Amino acid sequence: MPAATSKVELKKRKIRRFHFQQTHLREERLDCCIPDTPKPGESKGAVFFLLCGADELDRLMKMKAMQVISLTLLSVLAASAQILKFGKCPKPAVQANFDATKYIGRWYEIQKLPTAFQKGECGTATYSLKSPGVIGVLNRELLNDGTTNSIVGSAKAKNPAEPAKLEVSFFETSPPGPYWVLSSDYEGHSLVYGCTDFGLFRMEFSWILSREPTLSEKTIEQLHGILSSNGVNVDKMVPTNQDADYCTAMIQ
């Protein structure tokens, strides 16, 4: 006479988990014990909780939530032409002995990585000493309808020991954005980089600025080299129209 089947025979079931890696999904498998048929009144989720533990269940739930958030963010930012890449933000070297007093004044935007918040041409950034350790920021651009769009903010170093690593704020209700000066001679050019981590992805910003509406190709190539060495795709950089006739409305 066969033995009573009062216990559910356990066997290993493969639980699939996915990690979004660059442009494809990489599949891994995690072994865990789950019965074919749970006891009456038990769900497979409950059995998983009992056999695999609360920590493992919590980990899988967080991983799934992160996938949903990351993919949603990817879709939104891709639609707005924002530069979003897989992986953590790099930590590029910044301008040594950065001197904010030499940096103040007007800078013309020559090139930039596309952003969702800049829609016009003739972009300029004017910096002033607002208070000790705080730089005033005035950004202006000319929109397609002929009107001028401007925004006022402030910038300061998060760590005074790293003065080239600035954080820029425009709204009290929004967190500041990174504004790292990678290279500047104060009188000719400035290379600015910013990056923010979003889960599995990073969002990058970069601007090439000049004291004049133009900048030599040689200098631009040198600045591109700095960006490329830090993993930035310079092919994504777009030029800003600084034509004198077109930008007349921006002249104060």
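Because the model is predicted, local features need pLDDT of at least 70 and side-chain atom pairs count only at pLDDT 80 or more, while totals for chains, interfaces and linings use all residues. Residues are numbered from 1 along each chain as its sequence is written, and side-chain values use heavy atoms, with hydrogens and water left out.

The protein chain contains four helices and 12 strands; these are DSSP runs numbered from the N terminus, with helices being H or I of at least four residues and strands E of at least two. The chain has 252 residues, and 36% of them count as buried. Buried means under 20% relative accessible area, exposed means over 50%, and partly exposed lies in between, with a 1.4 Å probe and protein chains only. The accessible surface is about 15,200 Å², and carbon and sulfur atoms account for 57% of that; areas come from the Shrake-Rupley method with a 1.4 Å probe, and for residues only the protein chains shown count as cover. Of the contacts (heavy atoms within 4.5 Å) between residues at least 6 apart in sequence, 53% join residues at least 24 apart.

Two strands pair if DSSP finds at least two bridges between them.

From β9 the chain passes to β10 through a hairpin with four residues between the strands, and tyrosine 186 in the turn has a positive phi of about 70°. Strand β10 (residues 189-198) is mostly covered, seven of its 10 residues being buried.

The aromatic rings come next. The structure holds eight aromatic pairs, where rings of Phe, Tyr and Trp (its six-membered ring) pair if their centres lie within 6.5 Å; planes under 30 degrees apart count as stacked, over 60 as edge-to-face and the rest as tilted. One of the pairs is edge-to-face: tyrosine 127 and tyrosine 179 are 6.0 Å apart centre to centre, with 75° between the planes. Tyrosine 127 lies in strand β5 (residues 121-131) and tyrosine 179 in strand β9 (residues 177-184), so their pair ties together parts 52 residues apart in sequence. Tyrosine 127 is buried at 8% relative accessible area, and tyrosine 179 is buried at 9%. Phenylalanine 205 and tryptophan 207 are stacked, because their ring centres are 6.0 Å apart and their planes meet at 5°. Phenylalanine 205 is buried at 11%, as is tryptophan 207 at 14%.

Tyr127 and Tyr179 also belong to one aromatic cluster with Phe98, Tyr103, Trp107 and Tyr186. Finally, lysine 165 lies over the face of tryptophan 180, 4.4 Å from the ring centre; a charge sits over a ring if NZ of Lys or CZ of Arg is within 6 Å of the ring centre and within 35 degrees of the ring normal.
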